[in-house]
Amino acid sequence: MRQPLVIGNWKMNGSLSLTSELLSKIDKAIDDKIACDIGVCVPFVYIDRANELVKKSAIKVGAQTVSEYSSGAYTGEISAQMLAELGCHWVLVGHSERRTLFNESNAVLIDKVLAAQGADLLPVYCVGETEADYKSGLTVDVIKDQIGALLSDPSIDLNRLVIAYEPVWAIGTGLTASPEEAQKVHAFIRSLIREKNAESAKQLKILYGGSVKPDNASLLFKQQDIDGGLIGGASLDADAFISICQKA
Ligand code: PEP
(Lines give C-alpha, C1' and ligand atoms only; values in the text may rest on other atoms or scores of the structure.)
Protein backbone atom coordinates (compact mmCIF):
# COMPACT_ATOMS: atom_id res chain seq x y z
CA MET A 1 0.00 0.00 0.00
CA ARG A 2 1.48 3.31 -1.07
CA GLN A 3 0.89 6.21 1.34
CA PRO A 4 -0.68 9.05 -0.68
CA LEU A 5 1.40 12.17 -1.19
CA VAL A 6 0.35 15.74 -2.00
CA ILE A 7 3.00 18.32 -2.89
CA GLY A 8 2.33 22.01 -3.43
CA ASN A 9 4.35 23.84 -6.06
CA TRP A 10 4.25 27.54 -5.22
CA LYS A 11 6.22 28.44 -8.37
CA MET A 12 7.58 32.02 -8.25
CA ASN A 13 4.87 33.21 -5.88
CA GLY A 14 4.66 34.25 -2.28
CA SER A 15 6.50 36.37 0.24
CA LEU A 16 7.93 35.79 3.69
CA SER A 17 4.60 36.71 5.25
CA LEU A 18 2.60 34.46 2.91
CA THR A 19 5.02 31.62 3.71
CA SER A 20 4.20 31.99 7.42
CA GLU A 21 0.49 32.40 6.80
CA LEU A 22 0.08 29.40 4.49
CA LEU A 23 2.27 27.01 6.42
CA SER A 24 0.77 27.79 9.81
CA LYS A 25 -2.75 27.31 8.41
CA ILE A 26 -1.83 24.00 6.77
CA ASP A 27 0.02 22.84 9.87
CA LYS A 28 -2.98 23.61 12.11
CA ALA A 29 -5.29 21.69 9.80
CA ILE A 30 -3.25 18.48 9.86
CA ASP A 31 -5.27 16.03 11.94
CA ASP A 32 -6.61 12.49 11.79
CA LYS A 33 -8.59 13.33 8.66
CA ILE A 34 -5.35 13.83 6.75
CA ALA A 35 -3.59 10.54 6.19
CA CYS A 36 -1.29 11.60 3.39
CA ASP A 37 2.28 12.82 3.27
CA ILE A 38 2.47 16.53 2.54
CA GLY A 39 5.15 18.59 0.85
CA VAL A 40 5.56 22.18 -0.26
CA CYS A 41 8.08 23.24 -2.89
CA VAL A 42 8.74 26.90 -2.24
CA PRO A 43 11.03 29.45 -3.92
CA PHE A 44 14.67 29.02 -2.83
CA VAL A 45 14.67 32.15 -0.70
CA TYR A 46 11.79 30.93 1.48
CA ILE A 47 13.17 27.44 2.16
CA ASP A 48 14.91 28.37 5.37
CA ARG A 49 11.87 30.19 6.80
CA ALA A 50 9.55 27.39 5.67
CA ASN A 51 11.69 24.78 7.40
CA GLU A 52 11.72 26.82 10.60
CA LEU A 53 7.92 26.95 10.48
CA VAL A 54 7.35 23.22 9.87
CA LYS A 55 10.00 21.99 12.31
CA LYS A 56 7.42 20.31 14.52
CA SER A 57 5.03 19.40 11.75
CA ALA A 58 4.68 16.55 9.27
CA ILE A 59 5.00 18.91 6.31
CA LYS A 60 8.24 18.47 4.37
CA VAL A 61 9.79 21.31 2.40
CA GLY A 62 11.30 21.08 -1.06
CA ALA A 63 12.74 23.19 -3.87
CA GLN A 64 11.50 23.66 -7.41
CA THR A 65 14.72 22.96 -9.29
CA VAL A 66 18.37 22.23 -8.60
CA SER A 67 21.66 22.61 -10.41
CA GLU A 68 23.11 19.57 -12.12
CA TYR A 69 26.55 20.73 -10.94
CA SER A 70 27.92 20.19 -7.47
CA SER A 71 29.88 23.45 -7.05
CA GLY A 72 31.99 25.98 -8.91
CA ALA A 73 31.66 28.87 -11.34
CA TYR A 74 27.93 28.55 -12.08
CA THR A 75 26.63 31.99 -11.15
CA GLY A 76 23.10 31.95 -9.85
CA GLU A 77 22.85 28.18 -9.47
CA ILE A 78 21.96 26.28 -6.28
CA SER A 79 23.43 22.83 -5.67
CA ALA A 80 21.67 19.78 -4.26
CA GLN A 81 24.08 19.79 -1.31
CA MET A 82 23.05 23.37 -0.48
CA LEU A 83 19.39 22.38 -0.55
CA ALA A 84 20.08 19.39 1.66
CA GLU A 85 21.95 21.60 4.10
CA LEU A 86 18.87 23.83 4.34
CA GLY A 87 16.80 20.78 5.25
CA CYS A 88 15.02 20.22 1.95
CA HIS A 89 13.40 16.85 1.50
CA TRP A 90 12.23 17.02 -2.14
CA VAL A 91 13.18 18.78 -5.31
CA LEU A 92 11.11 19.07 -8.47
CA VAL A 93 13.04 18.10 -11.59
CA GLY A 94 11.78 18.69 -15.09
CA HIS A 95 8.61 20.63 -14.37
CA SER A 96 7.19 21.56 -17.77
CA GLU A 97 7.98 25.23 -17.12
CA ARG A 98 11.64 24.27 -16.69
CA ARG A 99 11.57 22.06 -19.79
CA THR A 100 9.97 24.71 -22.00
CA LEU A 101 10.92 28.15 -20.61
CA PHE A 102 14.45 27.19 -19.57
CA ASN A 103 15.12 24.60 -22.27
CA GLU A 104 16.01 21.83 -19.85
CA SER A 105 16.59 18.67 -21.86
CA ASN A 106 16.12 15.07 -20.72
CA ALA A 107 19.93 14.74 -20.52
CA VAL A 108 20.28 17.73 -18.16
CA LEU A 109 17.30 16.56 -16.11
CA ILE A 110 18.82 13.14 -15.60
CA ASP A 111 21.97 14.84 -14.26
CA LYS A 112 19.72 16.83 -11.90
CA VAL A 113 18.02 13.64 -10.67
CA LEU A 114 21.46 12.16 -10.00
CA ALA A 115 22.64 15.33 -8.25
CA ALA A 116 19.52 15.29 -6.04
CA GLN A 117 19.89 11.63 -5.14
CA GLY A 118 23.60 12.17 -4.47
CA ALA A 119 22.65 14.69 -1.78
CA ASP A 120 19.89 12.46 -0.35
CA LEU A 121 17.09 14.61 -1.72
CA LEU A 122 14.04 12.92 -3.20
CA PRO A 123 13.65 14.08 -6.82
CA VAL A 124 10.11 14.51 -8.12
CA TYR A 125 10.67 13.88 -11.83
CA CYS A 126 7.93 15.54 -13.88
CA VAL A 127 6.75 14.28 -17.25
CA GLY A 128 3.88 15.15 -19.55
CA GLU A 129 2.84 15.85 -23.10
CA THR A 130 2.04 19.24 -24.64
CA GLU A 131 -1.36 20.09 -26.08
CA ALA A 132 -0.03 19.52 -29.61
CA ASP A 133 1.31 16.08 -28.60
CA TYR A 134 -2.00 15.26 -26.94
CA LYS A 135 -4.01 16.28 -29.99
CA SER A 136 -1.73 14.27 -32.25
CA GLY A 137 -2.13 11.16 -30.09
CA LEU A 138 1.55 11.26 -29.07
CA THR A 139 1.12 11.07 -25.29
CA VAL A 140 2.53 7.55 -25.00
CA ASP A 141 5.55 8.40 -27.17
CA VAL A 142 6.39 11.51 -25.13
CA ILE A 143 6.09 9.63 -21.84
CA LYS A 144 8.18 6.76 -23.19
CA ASP A 145 10.89 9.23 -24.17
CA GLN A 146 10.90 11.12 -20.85
CA ILE A 147 10.72 8.00 -18.67
CA GLY A 148 13.11 6.20 -21.02
CA ALA A 149 15.74 8.85 -20.27
CA LEU A 150 15.38 8.05 -16.58
CA LEU A 151 15.63 4.32 -17.14
CA SER A 152 18.61 4.58 -19.44
CA ASP A 153 20.89 5.70 -16.62
CA PRO A 154 21.73 2.73 -14.40
CA SER A 155 23.03 5.02 -11.63
CA ILE A 156 19.54 6.31 -10.89
CA ASP A 157 17.99 4.66 -7.84
CA LEU A 158 14.39 3.89 -8.79
CA ASN A 159 13.51 3.38 -5.13
CA ARG A 160 14.37 6.96 -4.24
CA LEU A 161 12.26 9.11 -6.51
CA VAL A 162 8.72 10.22 -7.17
CA ILE A 163 7.25 10.70 -10.63
CA ALA A 164 4.66 13.38 -11.43
CA TYR A 165 2.56 13.05 -14.57
CA GLU A 166 1.49 16.54 -15.57
CA PRO A 167 -0.10 16.98 -19.00
CA VAL A 168 1.26 20.38 -20.03
CA TRP A 169 -2.13 21.41 -21.44
CA ALA A 170 -3.66 20.92 -17.99
CA ILE A 171 -1.16 23.01 -16.01
CA GLY A 172 -2.70 26.28 -14.86
CA THR A 173 -5.43 26.05 -17.51
CA GLY A 174 -8.37 24.75 -15.50
CA LEU A 175 -8.42 21.69 -17.77
CA THR A 176 -7.64 18.26 -16.34
CA ALA A 177 -7.12 14.86 -17.84
CA SER A 178 -10.16 12.72 -17.04
CA PRO A 179 -9.48 10.30 -14.17
CA GLU A 180 -9.60 7.40 -16.66
CA GLU A 181 -7.21 9.11 -19.07
CA ALA A 182 -4.79 9.97 -16.26
CA GLN A 183 -5.00 6.43 -14.84
CA LYS A 184 -4.03 4.99 -18.23
CA VAL A 185 -0.89 7.13 -18.39
CA HIS A 186 0.00 6.39 -14.75
CA ALA A 187 -0.40 2.65 -15.36
CA PHE A 188 1.78 2.99 -18.46
CA ILE A 189 4.50 4.80 -16.47
CA ARG A 190 4.39 2.08 -13.80
CA SER A 191 4.63 -0.62 -16.48
CA LEU A 192 7.76 1.04 -17.91
CA ILE A 193 9.37 1.07 -14.45
CA ARG A 194 8.25 -2.55 -13.87
CA GLU A 195 10.19 -3.67 -16.96
CA LYS A 196 13.32 -2.45 -15.20
CA ASN A 197 12.51 -3.35 -11.60
CA ALA A 198 9.27 -4.90 -10.37
CA GLU A 199 9.80 -4.00 -6.71
CA SER A 200 10.54 -0.34 -7.49
CA ALA A 201 7.42 -0.17 -9.66
CA LYS A 202 5.29 -1.43 -6.79
CA GLN A 203 6.44 1.15 -4.28
CA LEU A 204 6.88 4.09 -6.72
CA LYS A 205 4.59 7.05 -6.05
CA ILE A 206 3.19 8.58 -9.23
CA LEU A 207 1.48 11.94 -8.67
CA TYR A 208 -0.98 13.59 -11.03
CA GLY A 209 -0.68 17.32 -11.66
CA GLY A 210 -2.66 19.75 -13.78
CA SER A 211 -5.41 21.94 -12.36
CA VAL A 212 -6.16 19.66 -9.41
CA LYS A 213 -8.79 21.38 -7.24
CA PRO A 214 -10.87 20.26 -4.26
CA ASP A 215 -13.76 19.36 -6.57
CA ASN A 216 -11.86 17.09 -8.96
CA ALA A 217 -9.26 15.63 -6.57
CA SER A 218 -11.32 12.72 -5.21
CA LEU A 219 -12.01 11.03 -8.52
CA LEU A 220 -8.41 11.42 -9.65
CA PHE A 221 -6.99 10.09 -6.38
CA LYS A 222 -9.33 7.09 -6.44
CA GLN A 223 -7.54 5.70 -9.49
CA GLN A 224 -5.37 2.70 -8.77
CA ASP A 225 -2.09 4.15 -10.03
CA ILE A 226 -2.58 7.76 -8.93
CA ASP A 227 -0.85 8.15 -5.59
CA GLY A 228 -1.59 11.81 -4.94
CA GLY A 229 -1.07 15.15 -6.60
CA LEU A 230 1.36 17.89 -7.51
CA ILE A 231 -0.64 21.03 -6.95
CA GLY A 232 0.19 24.43 -8.44
CA GLY A 233 -2.41 27.20 -8.20
CA ALA A 234 -4.52 25.58 -5.48
CA SER A 235 -1.48 25.19 -3.21
CA LEU A 236 -1.43 28.96 -2.69
CA ASP A 237 -4.87 28.81 -1.09
CA ALA A 238 -4.56 27.11 2.31
CA ASP A 239 -8.20 25.96 2.44
CA ALA A 240 -8.09 24.49 -1.07
CA PHE A 241 -4.76 22.77 -0.42
CA ILE A 242 -5.99 21.32 2.89
CA SER A 243 -9.14 20.07 1.23
CA ILE A 244 -7.08 18.36 -1.51
CA CYS A 245 -4.91 16.73 1.18
CA GLN A 246 -8.05 15.47 2.94
CA LYS A 247 -9.24 13.92 -0.33
CA ALA A 248 -5.92 12.12 -0.78
C1 PEP B 1 2.06 22.66 -11.42
O2 PEP B 1 2.55 23.77 -11.53
O3 PEP B 1 2.78 21.68 -11.22
C4 PEP B 1 0.61 22.52 -11.55
C5 PEP B 1 0.10 21.32 -11.60
O6 PEP B 1 -0.11 23.68 -11.62
P7 PEP B 1 -1.72 23.83 -11.53
O8 PEP B 1 -2.17 22.95 -10.39
O9 PEP B 1 -1.96 25.27 -11.28
O10 PEP B 1 -2.26 23.36 -12.83
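This is a predicted model: local features need pLDDT of at least 70, side-chain atom pairs count only at pLDDT 80 or more; totals for chains, interfaces and linings use all residues.
**View 1. Meet the whole protein chain and its surface.** Of the 248 residues in the chain, 52% count as buried. Its secondary structure comes to 11 helices and eight strands. The radius of gyration is 17 Å, close to the 18 Å given by the globule rule for 248 residues, so the chain is as compact as a globular protein of that length. Along the principal axes, the C-alpha atoms fill a box of roughly 45 × 45 × 35 Å. Among contacts with a separation of 6 or more, 72% come from residues 24 or more positions apart.

**View 2. Here is Tyr125, a residue in strand E5.** The strand covers residues 122–127. Tyr125 has 0% relative accessibility, so it counts as buried. Its side chain is joined to that of Arg99 by a polar contact of 3.3 Å. Lys112 is 13 residues from Tyr125 in sequence, and their C-alpha atoms are 9.5 Å apart in space.

**View 3. Now look at the rings of Tyr69 and Tyr74, an aromatic pair.** The structure holds three aromatic pairs. In this one, the ring centres are 3.8 Å apart and the planes meet at 5 degrees, so the pair is stacked. Tyr69 counts as partly exposed because its relative accessibility is 37%. Tyr74 is partly exposed too, with a relative accessible area of 35%.

**View 4. Finally, find Arg98 over the face of Phe102.** Arg98 lies 4.1 Å from the centre of the Phe102 ring.

Definitions and conventions: Residues are numbered from 1 along each chain as its sequence is written. Side-chain values use heavy atoms; hydrogens and water are left out. Helices (H or I, at least four residues) and strands (E, at least two) are DSSP runs, numbered from the N terminus. Buried means under 20% relative accessible area, exposed over 50%, partly exposed in between (1.4 Å probe, protein chains only). A polar contact is a pair of N or O atoms within 3.5 Å; within protein, one must be able to donate a hydrogen and the other to accept it, and residues adjacent in sequence count only if both atoms are side-chain atoms. Rings of Phe, Tyr and Trp (its six-membered ring) pair if their centres lie within 6.5 Å; planes under 30 degrees apart count as stacked, over 60 as edge-to-face and the rest as tilted. A charge sits over a ring if NZ of Lys or CZ of Arg is within 6 Å of the ring centre and within 35 degrees of the ring normal. The radius of gyration is taken over C-alpha atoms; the globule rule is 2.2 Å times the number of residues to the power 0.38. Contact means heavy atoms within 4.5 Å.
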